Amino acid sequence: MTKMKKLSSVLQKVYIGIIFTFLYAPVVLMIVLSFNGSKSAYEWGGFSTVKYEALFSNATIMEALVTTVILAFAAAAIATILGTVASVGLLSMKVKARNAVTAVSNIPLLNADIVTGVSLMLFFAAFVTRMSSTTLLISHVTLVLPYVMLNVLPKLMQFDVSVYHAALDLGASPAKAFFKVVLPDIFPGLLTGFLLALTISLDDFTITYFTKGQGLNTLSTLIYTNRIRGILPEYYALAAIMFIGVLLLILVMQIVNVRSVPKGGKEKELSKKGNNY
């Protein structure tokens, strides 16, 4: 039995190693090639930062990068505010009504991006003459809002509402009690939701393609329109920077989640009736 357990453990490690190799070997290769001094991907020309220099000197790519980052941060911030307000409102509902609204709000999570993108394009076409940065921002907020609610709502349901009522009894206004008592407790959920919304907005192509204004490009749409020219050397450096940036965001999310777990590993019991703030 001991030999079987050891063999099973070895096979599990080998299996996990193969999976991680398939997932990350291309990424590692891309990062290595970003420091290749040769323009050819099949010939090593020595360690060089020429691709990064070309990236930062390419005005078109840098403009698209700035647009992508500003759009992602704006969409994530707005979605975090709206998602928090919506989550608080959901807790004041009855269980059946809350479950129904939550199910409807989760539809964009399961819906195909192309369906959402075309639907938003047709919706905007009925009210505006041309797409713009505003329609693009609204589309991204619509895309990432359910992800924020998915992280904030469970934290609110774990919150001990008696602490909030105690703050009210001590003379705090509802707004002050929320910002001083409730918000610090649910902050890990807010931060996780914000970072998740940020990464999803950075990564989106389909919805951006259907709702962006003419002449406005994010990194994903710019790379798509330049695909005929082939893979530019700058794209190796760009992809490496984006991967490392997203990796850092994921690490922050994991650290926040770990620190938000109560000591002893015991989670607070979820409220079944909802809390009225």
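## Helix 8 against helix 9

In this predicted model, helix 8 (residues 161-169) and helix 9 (residues 174-203) bring their axes within 9 Å, crossing at roughly 135°. That angle makes helix 8 oblique to helix 9, since only angles over 145 degrees count as roughly antiparallel. The crossing of these two helices is right-handed.

To find the place where they meet, look on the helix 8 side for Val163, Tyr164, Ala167 and Leu168. Their partners in helix 9 are Pro174, Ala177, Phe178, Val181 and Val182.

## Helix 7 and its two partners

Helix 9 also packs against helix 7 (residues 133-158), at an angle of about 150° and with the axes 8 Å apart. Here the angle makes helix 7 roughly antiparallel to helix 9, because the cut-off for that label is over 145 degrees. Helix 7 passes helix 9 in a right-handed crossing. Among the residues of helix 7 in this contact are His140, Leu143, Tyr147, Asn151 and Lys155. On the helix 9 side the contact includes Val182, Ile186, Pro188, Gly189, Thr192 and Ser201.

Thr134 lies in helix 7 and is partly exposed, with a relative accessible area of 47%. From C-alpha to C-alpha, Thr134 is 10.0 Å from Leu71, although 63 residues separate the two in sequence.

## The chain as a whole

The protein chain has 277 residues, of which 34% count as buried. Take the contacts between residues with a separation of 6 or more: 74% of them join residues 24 or more positions apart.

## Aromatic pairs

Next come the rings. Counting rings whose centres lie within 6.5 Å, the model has eleven aromatic pairs. One of them joins Phe123 and Phe124, with ring centres 5.7 Å apart and planes at 65°, so the pair is edge-to-face. Is each of these two residues buried or exposed? Phe123 is partly exposed, at a relative accessible area of 46%, whereas Phe124 is buried, at 6%.

Tyr209 and Phe210 make another edge-to-face pair, with 5.6 Å from centre to centre and 85° between the planes. Tyr209 is partly exposed, with a relative accessible area of 40%. Both residues belong to a cluster in which ring pairs link Phe205, Tyr209, Phe210 and Tyr224.

## Thr211, a buried residue

Thr211 sits in helix 10 (residues 206-211). Its relative accessibility is 0%, so Thr211 counts as buried. A polar atom of the Thr211 side chain lies 2.7 Å from the backbone oxygen of Ile207.

Which residues does Thr211 touch, not counting those up to four places away in sequence? They are Gly117, Leu120, Met121, Phe124, Met131, Ser132, Thr135, Leu136 and Ser139. Phe124 in this list is the buried phenylalanine of the pair described above.

## Asn36 in a loop

Asn36 is found in the loop between helix 1 (2-33) and helix 2 (50-57). With a relative accessible area of 1%, Asn36 is buried. The C-alpha atoms of Asn36 and Ser48 are 5.7 Å apart, and the two residues are twelve places apart along the chain.

Ser48 is also one of the contacts of Asn36. Leaving aside neighbours within four places in sequence, Asn36 is in contact with Glu43, Trp44, Gly45, Gly46, Ser48, Val50 and Lys51.

Conventions:
Residues numbered from 1 in each chain as written. Predicted model: local features only at pLDDT ≥ 70, side-chain atom pairs only at ≥ 80, totals over all residues. Heavy atoms only, no water. Phe/Tyr/Trp six-rings, centres within 6.5 Å; stacked < 30°, edge-to-face > 60°. Buried < 20%, exposed > 50% of the residue type's maximum accessible area, 1.4 Å probe, protein only. Helix = DSSP H or I, 4+ residues; strand = E, 2+ residues; numbered from the N terminus. Polar contact = N/O pair within 3.5 Å; in protein donor to acceptor, adjacent residues only side chain to side chain. Contact = heavy atoms within 4.5 Å. Axes fitted to C-alpha atoms, helices over the stretch in contact; angles between N-to-C directions. Parallel < 35°, antiparallel > 145°, perpendicular 65-115°, else oblique. Left-handed = near helix turned anticlockwise from the far one by under 90°.
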